[in-house]
Amino acid sequence: MVHALEAVHRLLAPGGLLIDLHPSGEPPPVVVRAGTAEHLAGWVEEEDDYREYELATAALDTAVARGLFRFVRHSAFTFATYTDTIDDLLCFFALDWHDASVSPQTLGNIENWQRTAVDSEIIVREIVSISALTPR
């Protein structure tokens, strides 16, 4: 990843800005909204235990320590994914988040909460890190 940041440093126009976005690495909660109430069903799990996001953060820190970039701003925001059914959630994982899954316990919790409400949805809330960096 540091190699890619070195390439960006060479290619970025003078006065340019590198914007980095990546999940924080904290397992996102899976929440069921049933009516007006929200219930924690469990957390999204990843095959590699979110290791790539730690590596992305470390690569940025290394590039800054080597003097390639400096942080202009860093923040975080919540990115929410909404699905109506467990099948939709699993389809989202299969198509867009290949190493993600939820435990059988979480699936059971989702089913139980959805069974009790006429109006419900499943929400996955990821904390995403966003940084702006300028070349040095």
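**Rings, cores and a patch**

Modeller: Let's begin with Phe 92, which counts as buried because its relative accessibility is 17%; buried means under 20% relative accessible area, exposed over 50% and partly exposed in between, with a 1.4 Å probe and protein chains only. This is a predicted model, where local features need pLDDT of at least 70, side-chain atom pairs count only at pLDDT 80 or more, and totals for chains, interfaces and linings use all residues. Residues are numbered from 1 along each chain as its sequence is written, and side-chain values use heavy atoms, leaving out hydrogens and water.

Biologist: Thanks! Is Trp 97 buried or exposed?

Modeller: Trp 97 is buried, with a relative accessible area of 7%.

Biologist: And what is Trp 97 in contact with?

Modeller: Leaving aside neighbours within four places in sequence, Trp 97 is in contact with Pro 28, Val 44, Glu 46, Tyr 50, Tyr 53, Phe 92, Val 124 and Glu 126. Contact here is heavy atoms within 4.5 Å.

Biologist: How many aromatic pairs are there?

Modeller: A search of the whole structure finds four. Rings of Phe, Tyr and Trp (its six-membered ring) pair if their centres lie within 6.5 Å; planes under 30 degrees apart count as stacked, over 60 as edge-to-face and the rest as tilted. The rings of Phe 92 and Trp 97 have centres 6.2 Å apart and planes at 80°, so that pair is edge-to-face. Phe 92, Phe 93 and Trp 97 form one aromatic cluster.

Biologist: Switching to the cores: which residues have the most contacts inside the largest nonpolar one?

Modeller: Val 30, Val 44, Phe 93, Trp 97 and Ile 110, in a core of 16 residues. A nonpolar core is a set of buried Ala, Val, Leu, Ile, Met, Phe, Trp, Tyr and Cys residues joined through side-chain atoms within 4.5 Å.

Biologist: Which elements supply at least two residues of this core?

Modeller: β2 (29-34), α3 (86-96) and β7 (120-135) each do. Helices (H or I, at least four residues) and strands (E, at least two) are DSSP runs, numbered from the N terminus. α3 gives the most to this core, with four residues.

Biologist: What does the second core include?

Modeller: That separate core of nine residues includes Val 2, Leu 60, Phe 69 and Leu 133.

Biologist: Last one: where is Leu 21 found?

Modeller: Leu 21 is found in strand β1.
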